Amino acid sequence: MKTLLSPIIAGTMNWGVWDKNLTTAEMAHLIHICIENNITSFDHADIYGGYTTEAQFGKAFSESKISRDKMQLISKCGIQAVSDNRTTTLKHYDYSKKHIIWSVENSLKNLQTDYLDVLLLHRPSPLLVADEIAEAVEKLKSEGKIIDFGLSNFTSSQSELVRSKTKISYNQIQFSATHHEAMLDGSLDYMQLHKITPMSWNPLGTVFREDIDQTRRLKKLLVQLVEKYGVGSDTILLAWVLKHPSQVHPVAGTVNIARIQSLMKAVELNLDHLDWFAIWSESMGNKVP
C-alpha cells in the first residue's frame, strides 16, 4: 500500500537559510497553515540549507504540537556537498548502504520523528550499485524507519536499474509548462506503466522568473485564462501540471500564506482540454506536432 500524499506538496527548500530564513515560530505557523489547507506532505532533503533546514523544521514541528500522523515527511539523500556542516572536500554522490542508512537516521533525528513516509535518492550517480541500494532500503523498511522509497531526477533507464532490485513508488522530476520534456521523452509514460507516482519540482517553471519569448507568450495567454476561470495564473499553471494522467504531485515552495491558501484551488480546477493544449502550444511557440 503506497503512502497517501497530499495532491500538492509543500517544498521546504527555501524555508531556511538558503532563502527565507524563517524563525522557529514562523516555520511552525507555516506548517499549521499548510495542514489547515490540506497540504499535509512536506518535501525535504538533507542538503537543504547546507544541511540545516531539516533540524530547523524538526524544532518547529516539535513546537507546533501537531500530531505526526497528520502529516507526511519526504526526504532525500545522496548529495555530498561541500559545507561547513560536513567534512566533504569535493561535491559528489554517495549511495553506499552505510551512507543511505546513516543519512536516514540523521534525518530522523533532525526532523524529530521516528520514520520518513518517503525516502528519495536525490540525484543519480554513475557509481550507484542497485543491489546495495536495495539492501539499505529493505533494512530501513524492515526497521520501520521508512515507509516508501523512490527516486529524484532519475531517467527511465536509471529507474529501471534500481527497480530491478527494489520497489520504486515515486520519482521527483522537473515538470512544468515551461519544462515539459518529461511527457515527451518517455519519463511520464514509464512511470504510468510501472505505477510510479511523479512529483514535480518547480511546477510553475520559469513563467514568473524569466522574461523571454516563451514566458511572454504564456503570460499573454494567462491573462485571458485568469479572466475565464477567475483564479490566479499560478493556479492555472498548477492545474496544467495536475491534468496530466500520470497524476503528478506538484511540490510548491511558496511561503506566502495567501498563495498557500489558494494552492488547492488548482486541484479543484478542471482546466479545459483546449486550454491545456493552448498553454503547451504557447510554451513551444508553435502548434502541437
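Met-13 is partly exposed, with a relative accessible area of 36%, where partly exposed lies between buried (under 20%) and exposed (over 50%), for a 1.4 Å probe and protein chains only. This is a predicted model, in which local features need pLDDT of at least 70 and side-chain atom pairs count only at pLDDT 80 or more, while totals for chains, interfaces and linings use all residues. Residues are numbered from 1 along each chain as its sequence is written, and side-chain values use heavy atoms, without hydrogens or water.

**Surface around Met-13**
- Met-13 is located in the loop that joins strand 1 (9-11) to helix 1 (24-36); helices (H or I, at least four residues) and strands (E, at least two) are DSSP runs numbered from the N terminus.
- Together with Val-17 and Trp-18, Met-13 makes a nonpolar surface patch of about 280 Å².

**Main nonpolar core**
- The largest nonpolar core has 74 residues, and Trp-15, Ile-31, Phe-42, Phe-149 and Trp-240 have the most contacts inside it; such a core joins buried Ala, Val, Leu, Ile, Met, Phe, Trp, Tyr and Cys residues through side-chain atoms within 4.5 Å.
- Helix 1 supplies the largest share of this core, seven residues.

- Another core, of eight residues, lies apart from the largest one and includes Leu-5, Ile-74, Leu-120 and Val-251.
- Ile-74 belongs to strand 3 (residues 72-77) and is buried, at 0% relative accessibility.
- Beyond neighbours within four places in sequence, Ile-74 has contacts (heavy atoms within 4.5 Å) with residues including Leu-5, Phe-42, Leu-120 and Met-199.
- Ile-74 and Glu-63 are eleven residues apart in sequence and 20 Å apart in space, C-alpha to C-alpha.

Conventions: Patch = residues over 30% accessible without salt bridge, like charges linked within 9 Å, V, L, I, M, F, W, Y side chains within 5 Å. Areas by Shrake-Rupley, 256 points an atom, 1.4 Å probe, with all protein chains shown as cover. Salt bridge = Lys/Arg side-chain N within 4 Å of Asp/Glu carboxyl O.
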